[in-house]
Amino acid sequence: MTHEADGLLERITARCAELDGLEEQLANQLVEVRAERDELAVAEKVVERMSEQLAEPEPLRGKLVRLADRGWLRKLPDGRFTTRL
């Protein structure tokens, strides 16, 4: 091979090595992006569930009222609940 061809082959080999490094970097970033996207999807579901629960008017109080109506609890005049004794 000529000196010119050797130089060209060296540049090609060097560029291939650069591209291999870039490919590895991008693959790692893609893994990180997918992991974060999965975490965000879970967080989104949690926020949606919390929003639904907060949108319901006083869900715990409603349950306590139902238990008082059934005789399991006693509602005090100040609005608090206690066990039926």
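Reader: What makes A68 part of a helix?

Author: A68 sits in helix α2, which spans residues 59-69. Helices here are DSSP runs of H or I with at least four residues, strands are runs of E with at least two, and both are numbered from the N terminus. This is a predicted model, where local features need pLDDT of at least 70, side-chain atom pairs count only at pLDDT 80 or more, and totals for chains, interfaces and linings use all residues. Residues are numbered from 1 along each chain as its sequence is written, and side-chain values use heavy atoms, leaving out hydrogens and water.

Reader: Which residues does A68 touch, leaving aside those up to four places away in sequence?

Author: They are L73, K75 and F81, where contact means heavy atoms within 4.5 Å.

Reader: Happy to follow that! Which elements does the chain have, and in what order do they run?

Author: Two helices and two strands, in the order α-α-β-β from the N terminus. The radius of gyration is 33 Å, well over the 12 Å of the globule rule for 85 residues, so the chain is more spread out than a compact globule. That radius is taken over C-alpha atoms, and the rule is 2.2 Å times the number of residues to the power 0.38. Along the principal axes, the C-alpha atoms fill a box of roughly 100 × 20 × 20 Å.

Reader: How much of the chain counts as buried?

Author: Buried residues are 5% of the 85; the term means under 20% relative accessible area, with exposed over 50% and partly exposed in between (1.4 Å probe, protein chains only).

Reader: Why is R15 called partly exposed?

Author: R15 has 46% relative accessibility, so it counts as partly exposed. R80, at 53%, is exposed.

Reader: What makes the pair E18 and R15 a salt bridge?

Author: A salt bridge needs a side-chain nitrogen of Lys or Arg within 4 Å of a carboxyl oxygen of Asp or Glu. For E18 and R15 the N to O distance is 3.0 Å, so the pair meets that definition. Both residues lie in helix α1 (residues 3-55), three residues apart, about one turn of the helix.

Reader: And how do you know that D78 and R80 form a salt bridge?

Author: Their closest N and O atoms are 2.7 Å apart, and the structure holds two salt bridges.
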